[in-house]
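Please have the sequence and the model at hand while reading the points below.

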Amino acid sequence: MDKTSDADNLEVRLQALESQIYGERRNKSGKPVKCAESLARIQAGLTNTANKRERVKILHKKIEDLLKYLDPQFTDHITVPDAMKLEFILAEEDFLLSQAALLEQVSNMQPLLDSTYIRDVPEHATKLQRLSQIHIKEQDQTEAQALEVKKLFEEYNKMMFLLSKQFTQWDETLRKVEETKGVRPVE
C-alpha cells in the first residue's frame, strides 16, 4: 500500500515538473507532453545513430581507456618514476612505522573494546544520567542546608553577643551597687 502511494506521489511530482517545463504544450495527438517519453525517444534515437556509425562504435569501445587517461592519478603514474615513489616511501618510513605500531596497539586492544564493559556502556549511561540528576538535586539541598546553618550561626553569634553585653551591664551594675554599700568584690 505504501509503495503505491509512493508511486502515485512520484507520478504527481513528475506531472508537476512536466507542467513547469513544458507548460500547456501538447504533442501531436493532443495529449500533454511527458518528459519520460521524450527522454526515451531521444535515448532510442541516440542509440540507433550510435549503432549505425562505425566511429561512434569504436569510441564506445575506447571509453574505458579515455576514462583511465582522464584520471588525475594517471598523470602521476606516468610522470613519477618508481624510484621516486620508493624515495617518497622511504622518506616517510618513520611515520609509517609509528602508524603501524599504533595500529598494532589498537588491534591488540580489540578484545578490550569487545568486552562486556564496553557493550554495557549505554545501560550505564542511563544509570549515570539518573545519578547525575540525583547528585544535582542533593547539591541544591546541600546549598540550602548550608544557608540555613549559616543563618543559625549568625543568630547564635548575635545571641552570644547580646548575652555577653547583658552580662557586662549586670556586672557593671552589681559593681556600682557593691561600691555604694561598701562591699568588697570577691576575687
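1. Which side chains meet E123 or K127 in a salt bridge, and at what N to O distance? The two meet each other: the side chains of E123 and K127 form a salt bridge at 3.5 Å, N to O. Both residues belong to helix α10, where they stand four residues apart, about one turn of the helix.

2. Please note that the model is predicted. The protein averages a pLDDT of 83, and 89% of the residues score at least 70. Among its elements, α10 has the highest mean pLDDT, 93, whereas helix α5 (residues 72-79) has the lowest, 73.

3. Helix α10 covers residues 121-181, which is 61 residues. From its first C-alpha to its last, α10 reaches 86 Å, close to the 90 Å expected at 1.5 Å a residue. G182 follows α10 and has a positive phi, near 80°.

4. The count of salt bridges comes to two. Besides the pair in point 1, the side chains of D171 and R175 meet in a salt bridge at 3.8 Å, N to O. D171 and R175 also lie in helix α10, four residues apart, about one turn of the helix.

Technical notes. Residues numbered from 1 in each chain as written. Heavy atoms only, no water. Helix = DSSP H or I, 4+ residues; strand = E, 2+ residues; numbered from the N terminus. Expected span 1.5 Å × (residues − 1). pLDDT = per-residue confidence, 0-100. Salt bridge = Lys/Arg side-chain N within 4 Å of Asp/Glu carboxyl O.
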